[in-house]
Amino acid sequence: MRGVWLEDLTWPEAAARIEAATPVLIPIGAASKEHGHHLPLCTDYLLARGITDRVLAELPIVAAPVISFGYYPAFRHYPGSQHLSPATFGAVIREILGGFVAQGARSLAILNTGVSTEPVVNIELREFYEATGVRVPCAHIRDLGHAADHVFEQALGGHGDEHETALIEAIAPERIRRGLARTDYGNIPAQPKTRFYVPTLFRGTDDGGPDYSATGVRGDPTLATREKGEASLNATVADVVAGLRALFPQLGAP
């Protein structure tokens with residue numbers, strides 16, 4: 001039995017799913033955030049939809065509409081990039097989860113395709129559990145799909161890179177601006193090697209520091225192929241499906 005997007009149901013159909021304790025997956029993916037010259041602003045949204053579509057093909061869950069705005073401070077200076085404060089983004093998560101719980105849902109999970117969104121999501125889920133007793137797990141994109149890491153060749157990455165571009169090659173290749181991808185590691189290779197967290201932004205001004213990116217990319221998207229994207233997407237979906245089965249026994253064994 002396939003899963004469904006909540007937005008495609010009527011309210012009585014939604015009520016029946018909630019009453020049956022059907023797990024609800026809530027994806028997070030920016031609808032308007034810079035990803036270089038070759039990928040559209042909606043790259044994260046496409047990833048959230050694409051991954052979730054494949055999860056729905058394997059599990060009879062409900063997918064909530066993608067949360068398409070979030071905390072993305074590194075990209076706020078780029079035209080078109082949309083950004084919420086941590087407090088506003090946290091409130092969005094809190095109220096969406098609260099709405100589901102008020103309607104009777106208890107089997108909830110989040111799929112987060114962002115990076116700067118991670119700490120806000122984690123804090124909100126911890127506080128939500130404290131306040132409501134409802135434990136909501138989250139899968140962050142950086143923790144998924146590592147079984148396919150061996151297919152990638154770039155020296156380093158992190159944004160609009162070989163990995164993200166390959167995923168879009170697999171999900172929505174028609175959205176890529178062909179011929180505009182550029183290798184762009186900025187000044188990262190020359191930065192001190194440390195385990196410390198160092199706050200960074202993306203900006204086109206080269207001051208020798210870690211913020212510089214000529215294109216808004218960090219990595220080598222020119223190495224991306226559809227085959228690499230399919231391998232990474234399959235590994236990512238497998239991780240999400242296995243995690244949801246482990247967390248929600250009502251989904252049954254494979």
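Ala166 touches Phe152, Ala224, Thr225, Lys228 and Gly229, leaving aside residues up to four places away in sequence; contact here means heavy atoms within 4.5 Å. The place of Ala166 is in helix α5. Helices are DSSP runs of H or I with at least four residues, strands are runs of E with at least two, and both are numbered from the N terminus. Ala166 is buried, at 0% relative accessibility. Buried means under 20% relative accessible area, exposed means over 50%, and partly exposed lies in between, with a 1.4 Å probe and protein chains only. Thr225, one of the residues that Ala166 touches, is 59 residues away from Ala166 in sequence but 5.3 Å away in space, C-alpha to C-alpha.

This is a predicted model, in which local features need pLDDT of at least 70 and side-chain atom pairs count only at pLDDT 80 or more, while totals for chains, interfaces and linings use all residues. Residues are numbered from 1 along each chain as its sequence is written, and side-chain values use heavy atoms, with hydrogens and water left out.

**Helix α5 and its cover**

Helix α5 spans residues 162–171, and eight of its ten residues are buried, so the helix is largely enclosed by the rest of the structure. The buried residues are Glu162, Glu164, Thr165, Ala166, Leu167, Ile168, Glu169 and Ala170. Helices α2 and α6 are included in what covers them.

**Helix pairs**

Axes are lines fitted to C-alpha atoms, for helices over the stretch in contact, and angles run from 0 to 180 degrees between N-to-C directions.

| Pair | Angle | Axis distance |
|---|---|---|
| α2 and α5 | about 55° | 10 Å |
| α2 and α6 | roughly 55° | within 9 Å |
| α3 and α4 | about 40° | 10 Å |

The pair α2 and α5 packs at an angle of about 55°, which makes α2 oblique to α5. Angles under 35 degrees count as roughly parallel, over 145 as roughly antiparallel, 65 to 115 as roughly perpendicular and the rest as oblique. The crossing of α2 and α5 is left-handed. A crossing is left-handed if the near helix is turned anticlockwise from the far one by less than a right angle, and right-handed if clockwise. On the α2 side the contact is made by Thr43, Asp44, Leu46, Leu47, Gly50, Ile51 and Arg54, and on the α5 side by Glu164, Leu167, Ile168, Ala170 and Ile171. The residues of this contact divide into seven nonpolar, two polar and three charged. Ala, Val, Leu, Ile, Met, Phe, Trp, Tyr, Cys and Pro count as nonpolar, Asp, Glu, Lys and Arg as charged, and the others, Gly among them, as polar.

Helix α2 (residues 43–56) also crosses helix α6 (residues 226–247), and these two are oblique to each other. Here α2 passes α6 in a right-handed crossing. Ile51, Arg54 and Val55 of α2 meet Glu230, Leu233, Asn234, Thr236, Val237, Val240, Val241 and Leu244 of α6. By class, the contact of α2 with α6 has seven nonpolar, two polar and two charged residues.

Helix α3 (residues 86–102) packs with helix α4 (residues 118–132) at an angle of about 40°, so α3 is oblique to α4. The crossing of α3 past α4 is right-handed. Pro86, Phe89, Gly90, Ile93, Arg94, Leu97, Gly98 and Val101 of α3 make the contact with Val120, Val121, Glu124, Leu125 and Phe128 of α4. Nine nonpolar, two polar and two charged residues take part.

**Loop residues**

Ala21 is found in the loop between α1 (11–19) and β2 (24–28). Ala21 has a positive phi of about 60° although it is not a glycine. Most residues other than glycine have a negative phi. The relative accessible area of Ala21 is 37%, so Ala21 is partly exposed.

Gly133 lies in the loop between α4 and β5 (138–140) and counts as exposed at 52% relative accessibility. Gly133 and Ala63 are 70 residues apart in sequence and 22 Å apart in space, C-alpha to C-alpha.

Ala147 lies in the loop between β5 and α5 and is exposed, with a relative accessible area of 65%. Between Ala147 and Asn234 there are 9.4 Å in space, C-alpha to C-alpha, and the two are 87 residues apart in sequence.

**Cysteines**

The structure holds zero disulfides, a disulfide being a pair of cysteine sulfur atoms within 2.5 Å. Cys42 is buried, with a relative accessible area of 13%, whereas Cys138 is partly exposed at 24% relative accessibility.
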